[in-house]
Amino acid sequence: MQELQYGNSQVSVPEAVVAIRGAHRIVLLSHEMPDLDALASCTVIGAIIEELGLPVLFLTDSPMGEKFDYLPGIQWLRDRAIVSYKDADWVSADRLHGTADVALVLDAANLNQLGAVYKVNASALASATVINVDHHRTNTYFGVINVVRPDVSSTCELVADLAREMGRTLDPWMAEALLTGLIADTSRFSTANVSSTTLRNAAELMDRGANLIRILGRMSEPVSGPQARLWQTLLARLAYRQDRQIAFLDVTTDRLQQLGATENDLTGLANYMRGLQGVMVALIFVLRPGGIKISLRGKPGIDVGSVALKFGGGGHLEAAGCVVEGKPLEQLRGEILEEVAQVLSRATAPPCAQILEQARQ
Ligand SMILES: [Mn+2]
């Protein structure tokens, strides 16, 4: 097991800006199944970079579906995206190798999190100047230049720092995109890494034109009808351990396909499970052909990130994931639930739970 310096900052904003300004062509990358923090970060920094006269390309393994339509600038990013699924229509290493000298990786804790994009382009990436802009506690400082701040609640705030360093005042749509990412990543200001600085950063984005109420209204976590039916089917097999403090379920990608769904339709399900009364940790095991993907969610202050890290993954304190190859489900599940049980036994009342408890008294 790797010993990482879990949670240290390495901040090279001026160096990152120099590298961006000196680039000939920049490729933007983010973690697989990019979320709002990832997409907003890529969109805003990409638009700023393009103004410098640099061509921008976004490589991703996931379609940026309709559910992201409300993110300001998303169409701009879609227009510059090469979306490749699994093995089909894959971007060849040459494409990246031949065109981009700087790879700007946003919101990824390590290169494996880029998913298949990394597997295909590993050698090309090795010869590019990789700029790593991220806020995950489990970041491995994989960049030539690292702007890694685990104390910051979203990558969007780091993009705001880069813009400031570049002397670029954010347009209202940029501010709104970044605030959207910030709010999404903090589950609406409710994760343990929300600080007074987070709120000041949010306030600054509002001063630049972001409309908080509009964002919150659009982010009412819409679950589509088919998604709700899928969840209903899966939740029928929800299992518990540790006095119902741990909730988990498993599903194969074949089964998802039978149900007319994909892994993307699971987005939000682990959060829902975590929200169940008494549940402190929720886990979803997705059995893929090549391994098992585990999504972990903890109630505020419950450190599931350390569990994911032990199994080669990463993420945040309360939201993390890993992919494990070569272990049968039964064995893997046993090992992970044991780790989770240890986290729970170590956790004194989590900070937020304490605060809520005090507020009730
Ligand atoms: Mn993020």
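Which residue stands opposite Leu-296 in strand 13? The residue is Ala-320.

The model is predicted: local features need pLDDT of at least 70, side-chain atom pairs count only at pLDDT 80 or more, and totals for chains, interfaces and linings use all residues. Residues are numbered from 1 along each chain, as its sequence is written.

**The chain as a whole**

The protein chain has 15 helices and 13 strands. Both are DSSP runs, numbered from the N terminus: helices are H or I with at least four residues, strands are E with at least two. Of the 361 residues, 45% are buried. Buried means that 20 or more other C-beta atoms lie within 10 Å of the residue's own; exposed means 12 or fewer, partly exposed in between, with C-beta atoms placed from the backbone. Two residues are in contact if their C-beta atoms, placed from the backbone, lie within 7 Å. Among contacts between residues at least 6 apart in sequence, 70% join residues at least 24 apart.

Six strands form an open sheet in the order 8-9-10-11-13-12, with mixed pairing. Its edge strands are strand 8 (239-241) and strand 12 (314-315), and each pairs on one side only. Strands pair if DSSP finds at least two bridges between them.

Strand 11 (residues 291-298) is largely enclosed by the rest of the structure, because six of its eight residues are buried.

A hairpin joins strand 10 to strand 11 through two residues.

**Helix packing**

Two packed helices are described by the angle between their axes and the distance between the axes. Helix 6 (residues 155-165) and helix 7 (residues 172-185) pack at about 145°, with their axes 7 Å apart. Axes are lines fitted to C-alpha atoms, for helices over the stretch in contact; angles run from 0 to 180 degrees between N-to-C directions. Helix 6 contributes Thr-155, Cys-156, Glu-157, Val-159 and Ala-160. Helix 7 contributes Leu-178, Gly-181 and Leu-182. By class, this contact has five nonpolar, two polar and one charged residues. Ala, Val, Leu, Ile, Met, Phe, Trp, Tyr, Cys and Pro count as nonpolar, Asp, Glu, Lys and Arg as charged, and the others, Gly among them, as polar.
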